[in-house]
Amino acid sequence: MKVLRNVKLGKIAAIFNGLPDTRQHGLVYKTSFITYNFIQPNHLGIYNDINSPSEIKRQTPVSECYFIRKNDIILKRLNPDAATLVSEDAPNTTFSNNLIVIRVFKEHFPAYIACLLENQGIARLNNNIVGAVATVKSISVQSLAALDIPAVEYAKQLALGRMWLLHKQRKRLLSDLMTEDQRLMAAAIKNVTAGAGEGER
C-alpha cells in the first residue's frame, strides 16, 4: 500500500498579498497615471465568479505578479469563506491587500488545491484569530505556506478538482432554480388572489 505524504503549500505554489496601497495622494494634480481593474473581497461570489471589479489609478506601474491570471486561487484575507478559482486571464486586473492569491505550479491541478482550501484548509487556518475576543478571523501568507497538502497522484487531483468545479456549478443552478421557483409562486399567488374582495363591496 502506497503511503500518502503531505507537501507544504508554499513548496507547490507562489502566494501573494494584494497591493499594499491603492491610494496615491496627489494624483488629481497629475496627468500621467495608469488605470487598472481592481478586485476587492466584495467582488467575489461563491460560485467562482468575480463581479464588476472597480477601477484604480496609479502613478507607478504594478508588478506583473500582481495581475490576476487563469487558474489563480483567490482567498479573502479576513473571514475567508470560499476559494475562488479564476477561469480565465483577467488583463490589467490587480487585487486588494485584503485578498491573497495562490498561484499553483504546473505539477499540481489548481482546482484540487482550491477544493482542499475551501473544504479543509480554511477551517484549519481560521484558528489564527486577530484580537482578544474577536469575531474577525484572518489568514496570512505564512500560515497558508505552512499548510499541509496531500500529495496525491495527478489523475486523482484531476478527478477531485473537476468534481469540485461541478459542485460549484450545481450550487449555482440550484440557487437559480430556487429563485425562479419563488418568483413563479409569488406570481401564481398574485394571479389567484387579484381582485379577491372586490365582490364584497
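Author: A strand here is a DSSP run of at least two residues of type E, and strands are numbered from the N terminus. With that in place, Asn71 can be located in the loop between β4 and β5. The model is a predicted one.

Reader: What makes Ser52 exposed?

Author: The term exposed requires over 50% relative accessible area. Ser52 reaches 61%, and therefore counts as exposed. Ser52 is placed in the loop between β3 and β4. Although Ser52 is not a glycine, its phi is positive, at about 45 degrees.

Reader: Which strands make up the open sheet, and in what order?

Author: The open sheet consists of 4 strands in the order β2-β8-β5-β6, with antiparallel pairing. Its edge strands are β2 (13-17) and β6 (84-85), since each pairs on one side only.

Reader: What joins β8 to β2, and what joins β8 to β5?

Author: Strands β2 and β8 run antiparallel and are joined by 5 bridges. Ala14 has Arg103 in β8 as its bridge partner. Between β5 and β8 there are 4 bridges, again in the antiparallel sense. Here Leu75 has Ile100 in β8 as its bridge partner.

Reader: Why is strand β8 described as mostly covered?

Author: A residue is buried when its relative accessible area is under 20%. In β8 (residues 99-104), 6 of the 6 residues are buried, and the strand is accordingly described as mostly covered. Both faces are covered: Leu99, Val101 and Arg103 are buried on one side, and Ile100, Ile102 and Val104 on the other.

Reader: What makes the pair of Tyr36 and Phe67 tilted?

Author: The search of the whole structure finds 3 aromatic pairs. Tyr36 and Phe67 form one with 5.8 Å from centre to centre and 45 degrees between the planes. Tyr36 belongs to strand β3 (residues 34-39) and Phe67 to the loop between β4 (54-58) and β5, so the pair ties together parts that are 31 residues apart in sequence. Tyr36 and Phe67 are both buried.

Reader: Why is the pair of Tyr66 and Phe95 also given as tilted?

Author: The ring centres of Tyr66 and Phe95 are 6.0 Å apart and their planes stand at 50 degrees, so this pair is tilted. Tyr66 lies in the loop between β4 and β5 and Phe95 in strand β7 (residues 93-95), so parts 29 residues apart in sequence are tied together. Tyr66 has a relative accessible area of 22% and is therefore partly exposed. Phe95, at 0%, counts as buried.

Reader: How do you know that the length of helix α4 agrees with its number of residues?

Author: The expected span is 1.5 Å times one less than the number of residues. For the 40 residues of α4 (residues 154-193) this gives 58 Å, and the end C-alpha atoms are 58 Å apart, so the two agree. The buried residues of α4 are Gln157, Leu158, Gly161, Trp164 and Lys168. Arg172 is also found in α4; with a relative accessible area of 33%, Arg172 is partly exposed.

Reader: Which residues are closest to the centre of the largest pocket?

Author: Asn48, Ile50, Val86, Ser87 and Glu88 are the closest to the centre, out of 14 lining residues. The pocket holds about 230 Å³ of space. Its lining divides into 7 nonpolar, 4 polar and 3 charged residues.

Technical notes. Residues are numbered from 1 along each chain as its sequence is written. This is a predicted model: local features need pLDDT of at least 70, side-chain atom pairs count only at pLDDT 80 or more; totals for chains, interfaces and linings use all residues. Side-chain values use heavy atoms; hydrogens and water are left out. Two strands pair if DSSP finds at least two bridges between them. On a 1 Å grid over the protein atoms alone, a cavity is a set of points where a 1.4 Å probe fits but cannot get out, and a pocket is an open set with protein on both sides within 12 Å along at least five of seven lines; lining residues have an atom within 4 Å of a point. Grid points are joined across faces, edges and corners, and a volume is the space filled by probe spheres set on the points. Ala, Val, Leu, Ile, Met, Phe, Trp, Tyr, Cys and Pro count as nonpolar, Asp, Glu, Lys and Arg as charged, and the others, Gly among them, as polar. Buried means under 20% relative accessible area, exposed over 50%, partly exposed in between (1.4 Å probe, protein chains only). Rings of Phe, Tyr and Trp (its six-membered ring) pair if their centres lie within 6.5 Å; planes under 30 degrees apart count as stacked, over 60 as edge-to-face and the rest as tilted.
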